[in-house]
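Visitor: I would like to learn how to read a few structural features. Please take them one at a time.

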Amino acid sequence: VIWMSEKACTSCHFITKDNVCPKCKSTSLSEDYSGLVILFDPEDSAIAKAMNVKEKGQYALKVR
């Protein structure tokens, strides 16, 4: 079994298992992140507005 760890994009904080962020196409990803926010309805979410997120998905709060 190959373990695929999740990584967070350093640009948009989207969490992915890929080597390229599917949201912003950045290749700058980090396994060192903390906090997890799952957004289902970003249009009506105060947290999404504060994070400047417009698409639903899993996001890291802090990426190092």
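Visitor: Where is Ser26 found?

Guide: Helices and strands are DSSP runs numbered from the N terminus (helices are H or I with at least four residues, strands are E with at least two). Ser26 is in the loop between E2 and E3. This is a predicted model, in which local features need pLDDT of at least 70 and side-chain atom pairs count only at pLDDT 80 or more, while totals for chains, interfaces and linings use all residues. Residues are numbered from 1 along each chain as its sequence is written, and side-chain values use heavy atoms, with hydrogens and water left out.

Visitor: Does Ser26 count as buried or exposed?

Guide: Buried means under 20% relative accessible area, exposed over 50%, and partly exposed in between (1.4 Å probe, protein chains only). Ser26 has 13% relative accessibility, so Ser26 counts as buried. Setting aside residues up to four places away in sequence, Ser26 touches Cys9, Ser11, Val20 and Cys21; contact means heavy atoms within 4.5 Å.

Visitor: Which residues make up the largest nonpolar core?

Guide: In soluble globular proteins, nonpolar side chains tend to be buried together. A nonpolar core is a set of buried Ala, Val, Leu, Ile, Met, Phe, Trp, Tyr and Cys residues joined through side-chain atoms within 4.5 Å. Here the largest one has nine residues, among them Cys9, Cys21, Val37 and Tyr59. Beyond its neighbours within four places in sequence, Val37 is in contact with residues including Ile47, Met51 and Tyr59.

Visitor: What is the order of the strands in the open sheet?

Guide: Two strands pair if DSSP finds at least two bridges between them. The three strands run in the order E2-E1-E3, with antiparallel pairing. E2 (15-16) and E3 (29-30) are the edge strands, each pairing on one side only. Strand E1 (residues 7-9) pairs with E2 over two bridges, and Ala8 stands opposite Ile15 in E2.

Visitor: How many salt bridges does the structure hold?

Guide: A salt bridge is a side-chain nitrogen of Lys or Arg within 4 Å of a carboxyl oxygen of Asp or Glu. The structure holds two. In one, the side chains of Lys23 and Glu55 meet at 3.1 Å, N to O. Lys23 lies in the loop between E2 and E3 and Glu55 in the loop between helix H1 (46-51) and strand E5 (57-63), so the pair ties together parts 32 residues apart in sequence. Asp32 forms a salt bridge with Arg64, with the closest N and O atoms 3.2 Å apart. Asp32 is in the loop between E3 and E4, and Arg64 is in the segment after E5.
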